[in-house]
Amino acid sequence: MSKRFRNNPVMNNAVMLERFYESMIQGWAATRVKWYGVPLEIDTRYLEMTLHRFGRILFYHDNNALRYMAVRMTAQGAKNVYDNPTTFRTQAMGSYKSVLLTSKEAVPIWHSYQRDTYNDMVKIYAKRLSALDISLEINTKGMRKNRIVVANENQRLSYENLMRQVEEGQSVIFGYDGLVPDAITVLDLAIPAQAVDTLRLEKNQVWNECMTMLGIQSANQDKKERLVADEVGANNGQMIAARKALLKPRREAVDRINQMFGLSISVEWDDDARDVTELVRGL
């Protein structure tokens, strides 16, 4: 088999870890907010997952089906003076046929003010975390005191017998006739424990940074001392900014939807994490 297509376990493991972290971060990102007052015919899971993956969705009332819709769309036509699209084409899926709507008939919901997604960010952090996991695994295996031994065949057998006695835990180890220590060269490949600790610290910092970017509160468990007020305030400020970046475009769209269709929809940050914190404090 060609070396170009030969199976590479390390590469396979890296790809699997990247997919794992991408799925986890995407799942957490898509469950950060709660929608209230949404018509029952609209799937809020689909709504939030579509916003997270594609960055936009269109809310309108289907006069033929007599139901509200929130589906994927693309902006078409000329933009107004505020750089907002005025015409939208919904995406056909299955038996659902696409329709062309104007800004007087439908309201676009954007994932962010930039009108893009966080997919690149998710991939970046998934790749970083995957690389750190691979490094941790390699260095942890290296702590098994791996060695490279250079010796002739006779010395090799003697060395293997000696090492077997060490692994069996014998208190007294006996040499063998013909053993010449100077004829054996040993290269120690052991990894110091500090290297593993450093990698674990770096992984935790990358993970906490990712959570801050998502507006999810995370505690720095690597610092032995308590965080000072300035550090706490700086972290909270970044977390609040990340939440606003997610909520503001949704809330502005909700205001227009409520005004256009007479609904009472609202969107808020999911406070389940705060409930868990209060529960833990009460234990």
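Start by selecting strands E1 and E10: they run antiparallel, joined by 4 bridges. To find one of those bridges, click on Tyr 36 and then on Ser 266 in E10, its bridge partner. Keep in mind as you go that this is a predicted model.

Stay on E10 and show its side chains.

Next, the largest nonpolar core, which has 22 residues. Pick out Trp 35, Phe 59, Ile 109, Ile 257 and Ile 265, the members that touch the most others. Strands E1 (33–36) and E10 (266–269) each give two or more residues to this core, and so do other elements, including helix H2 (44–54) and strand E7 (106–110). Which element gives the most? Color H6 and you have it, with 6 residues.

Now zoom in on Ile 109 and show what surrounds it. Leaving out residues up to four places away in sequence, Ile 109 touches Trp 35, Leu 51, Gly 55, Arg 56, Ile 57, Phe 59, Arg 250, Ala 253 and Ile 257. Apart from this core there's another, of 19 residues; select Ile 25, Tyr 125, Leu 129 and Val 206, which are among them.

Go back to Phe 59 for some aromatics: together with Tyr 68 and Phe 261 it forms one aromatic cluster. Then hop to Phe 20 and Tyr 21, an edge-to-face pair at 5.1 Å centre to centre with 65° between the planes.

Another edge-to-face pair is Trp 28 with Trp 207, 5.4 Å centre to centre and 80° between the planes. Trp 28 lies in helix H1 (residues 9–29) and Trp 207 in helix H5 (residues 193–214), so the pair ties together parts that are 179 residues apart in sequence.

Arg 72 lies over the face of Phe 54, at 3.6 Å from the ring centre. The charged end of Arg 128 sits over Tyr 125, 5.3 Å from the centre of its ring.

Last stop: the open sheet of 3 strands, in the order E4-E5-E6 with antiparallel pairing. Its edge strands are E4 (73–79) and E6 (100–102), each pairing on one side only.

How values were computed: Residues are numbered from 1 along each chain as its sequence is written. This is a predicted model: local features need pLDDT of at least 70, side-chain atom pairs count only at pLDDT 80 or more; totals for chains, interfaces and linings use all residues. Side-chain values use heavy atoms; hydrogens and water are left out. A nonpolar core is a set of buried Ala, Val, Leu, Ile, Met, Phe, Trp, Tyr and Cys residues joined through side-chain atoms within 4.5 Å. Buried means under 20% relative accessible area, exposed over 50%, partly exposed in between (1.4 Å probe, protein chains only). Contact means heavy atoms within 4.5 Å. Two strands pair if DSSP finds at least two bridges between them. Rings of Phe, Tyr and Trp (its six-membered ring) pair if their centres lie within 6.5 Å; planes under 30 degrees apart count as stacked, over 60 as edge-to-face and the rest as tilted. A charge sits over a ring if NZ of Lys or CZ of Arg is within 6 Å of the ring centre and within 35 degrees of the ring normal.
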